[in-house]
Structure formats: structure tokens, C-alpha cells
Amino acid sequence: MEFLAGTEKQFFDFISEIDEKDKVAIVSHIDDDGICSVVPAEKVLGNVEIIKFVHVGGEYIKPFVPEFKEKKINKVLFFDLAIENSMDGMKKLLEFAEVLVLDHHRFDEDLNYDKLIYLKTESSKCSSYASYYLFSKIQNLEDIDWIALIGTVGDWCYYENKEFCDKIIKKYGLDIKDNFKEMKIWKIADMISRAMIYWRYHNNEDIFGFYEKLKNASLKELSEFEEMTKPVVEEIKKWNEKFYDERKEFKKGYFWEFRPKYSVKNNIVSALSEKEPDKFFVFITERDENDFFTISSRCQSKKGNCVELLKCALEGVEGSSGGHVVAAGGVCNKKDKEKFKENLFKILDE
Ligand SMILES: [Mn+2]
């Protein structure tokens with residue numbers, strides 16, 4: 001596997017230096033790819049003191065630094081998380097811990113230095129794939145290969161990792177089709193992602209219990225997750241229809257602001273944007289309890305660059321963004337909403 005920053009050797013050096021005296025924490029992204037990245041790591045490392053799943057956006061590292069310090073954490077692994085927007089927090093963390101970051105989001109600068117191991121893979125080598133690939137070189141992990149598969153397919157990285165995926169799909173007797181959206185494994189990955197949305201809502205965004213359930217499940221027995229998806233599927237259906245009445249249309253695409261009960265924005269924007277792949281789709285949602293609203297953008301054909309789009313739209317406002325050319329996300333302070341929209345609409349109408 002190719003690294004765009006850092007090397008495979010740095011990974012193995014970091015892992016092999018961990019011993020019983022160390023106190024290890026894992027921080028990962030609160031999505032499918034994020035939770036699936038942690039399973040191989042925890043299995044190989046064994047004793048992990050803290051596992052945290054977080055939203056990216058702003059200084060997301062800072063809030064948990066005191067807890068890590070108090071618990072004497074001295075090794076931290078980050079999966080599926082860009083760290084660029086939270087460097088203040090990262091520097092505080094590096095005062096008492098060594099850190100390894102394994103991520104596949106776009107980046108501008110190689111941040112490897114001293115106690116920070118910064119490993120970047122290509123966009124298509126999502127973190128669940130990379131984590132499974134690397135930790136498998138230390139220990140046989142074939143019993144959890146299906147979790148890496150779900151993470152990879154769920155992060156839309158099937159085609160780029162077809163050989164890897166097909167081998168596991170065949171092992172479990174599932175089907176392979178030209179269009180991955182018609183395959184059983186996509187339906188399973190999609191189901192898990194909807195179940196996670198349900199769990200997040202009903203557990204105040206704490207998905208550790210969900211992670212434990214998935215870790216201990218088997219590909220053949222996922223009915224417990226299936227049950228959770230029902231209200232989420234209803235919610236997605238309802239909002240899918242509203243999009244066509246409520247969207248704002250521009251030369252280069254669409255903007256839509258809405259307030260779903262469950263966090264279904266990503267599922268909806270992904271599905272709708274497939275129908276018009278050359279267009280930008282930018283959706284925003286907000287909750288009363290947060291100062292920031294969240295942004296999801298897509299341009300499935302890569303005709304437009306979502307990372308650039310959000311970067312420009314957030315110019316001069318309090319917010320941050322990141323992701324991939326076809327799919328990027330961000331947050332912005334509610335007080336700057338009008339300015340953000342003004343910036344965005346100008347670009348969408350150019
Ligand atoms: Mn990812």
C-alpha cells in the first residue's frame with residue numbers, strides 16, 4: 001500500500017514499541033469507516049484504555065486532552081480523522097503522548113515530526129482498509145475481515161479495492177455484481193450506517209456501545225441492527241421527497257437547508273447526488289443545542305472539487321472543512337450563516 005505521507009515502517013515501529021507499561025487510547029471518526037478501523041487495532045493491541053469516536057470540526061481534539069492526561073495516556077492512535085483544524089489540541093496532546101495518525105482525507109502538508117507519526121493513504125484506501133491491511137501483517141485477523149469489508153464498501157471504496165473485497169465477499173458466499181449498489185454487501189453496509197444513525201440519536205452521540213455490538217457480531221447475524229434502521233429509513237424517505245420542493249437551484253448545483261430528527265444528511269446527499277453527478281449538492285443542518293451548523297457536499301463525477309468548494313465558501317467565517325474531491329464536509333458558526341451562504345451561492349452561480 002502506498003503512503004502519501006509517512007511510511008509503513010513508521011507504523012510498525014510505533015506499534016512494536018508499545019508494551020504493558022504504556023497506556024493506549026484510540027480516537028476515531030464517528031462513522032462506518034471510523035468504527036471499522038478500530039476493530040483490528042483493538043484486537044492486536046489488546047489493552048486499550050480509552051476508545052473515543054468523535055465528530056471532526058474545529059478544535060475537536062482539545063476537549064478530551066485533560067481526560068487523557070489525567071488517565072496518563074501516553075500513546076494515541078487516530079483513525080479516519082484529519083487533524084489540521086485541531087492543531088492546538090494536538091500540540092497539547094503531544095506534550096505527554098506519542099501520536100500516530102492513519103487517515104485518507106485530503107491534506108496539504110506532511111505533518112510528521114518528532115512524536116507525531118502522520119500516515120496518509122490515498123482517498124480510496126479508506127482507514128478501515130488500511131487498518132486491517134497493516135494490523136493483519138502482525139496477526140491473522142481473518143475472523144474480522146468482514147468488518148474491514150463493511151468499512152471499505154460503506155466508504156464507497158469498493159471498486160478501487162475490488163480484489164480485496166471480492167475475496168472476502170466470496171468467502172461469505174455473497175453476490176458480486178457490476179454495480180456495487182446492487183450487491184448484498186452494500187445493502188448490509190448501508191443498513192449498518194442507518195443503524196448507527198439510530199443509535200447516535202438515542203444515545204446522545206455516544207457510539208461506544210454500538211462499536212462493541214458490531215465487534216462481537218457476525219456477518220450472518222445482524223438482525224439486531226436491522227431492527228434499529230426502521231425509523232431512520234422512514235426519515236430518509238420523508239426528506240428525500242421534500243428536497244425537490246425546498247432546494248435552491250444554481251448553475252452548478254443545489255443548496256438545501258433542512259432539520260431532520262435523525263442525522264440522515266449524509267445518506268440523503270449521497271443518494272440524491274448520484275442522480276446528477278456533474279452537479280454540486282450542498283446540504284446544511286443544525287441543532288438548537290449546537291453553536292455550529294454542519295455541511296455536507298457532493299459532486300460525484302469529480303467535475304467540481306468539494307474540498308475546494310467548502311474551503312472557499314468558509315472564507316472569512318468561523319468554520320472548518322475537509323474530506324475528498326467527491327465528498328466533503330464541514331462546520332460553520334451559526335452567526336456566520338448568511339455570509340457562508342453568500343460565499344457559497346456566488347461560487348455555485350459562477
Ligand atoms: Mn473514511
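The centres of domain 1 and domain 2, taken over C-alpha atoms, sit 25 Å apart. This is a predicted model, where local features need pLDDT of at least 70, side-chain atom pairs count only at pLDDT 80 or more, and totals for chains, interfaces and linings use all residues. Residues are numbered from 1 along each chain as its sequence is written.

Domain 1 covers 3-221 and domain 2 covers 231-348, with bounds that come from an automatic or database domain assignment. Where they meet, 15 residues of domain 1 are in contact with 15 residues of domain 2 (contact means C-beta atoms, placed from the backbone, within 7 Å).

As for the whole protein chain, 43% of its 350 residues count as buried (20 or more other C-beta atoms within 10 Å of a residue's own, with C-beta atoms placed from the backbone). Along its principal axes, the C-alpha trace spans about 60 × 50 × 35 Å.

The protein chain has 13 helices and 12 strands (DSSP runs numbered from the N terminus: H or I of at least four residues for helices, E of at least two for strands). Take helix α6 (residues 145-154) and helix α8 (residues 184-202): their axes come within 9 Å and cross at roughly 85 degrees. Axes here are lines fitted to C-alpha atoms over the stretch in contact, and angles run from 0 to 180 degrees between N-to-C directions. The contact involves Leu 149, Ile 150, Val 153 and Gly 154 of α6, and on α8 Ile 185, Trp 186, Ile 188, Ala 189, Ile 192 and Ser 193.

Notes: Contact = placed C-beta atoms within 7 Å. Buried ≥ 20, exposed ≤ 12 C-beta atoms within 10 Å, placed from the backbone.
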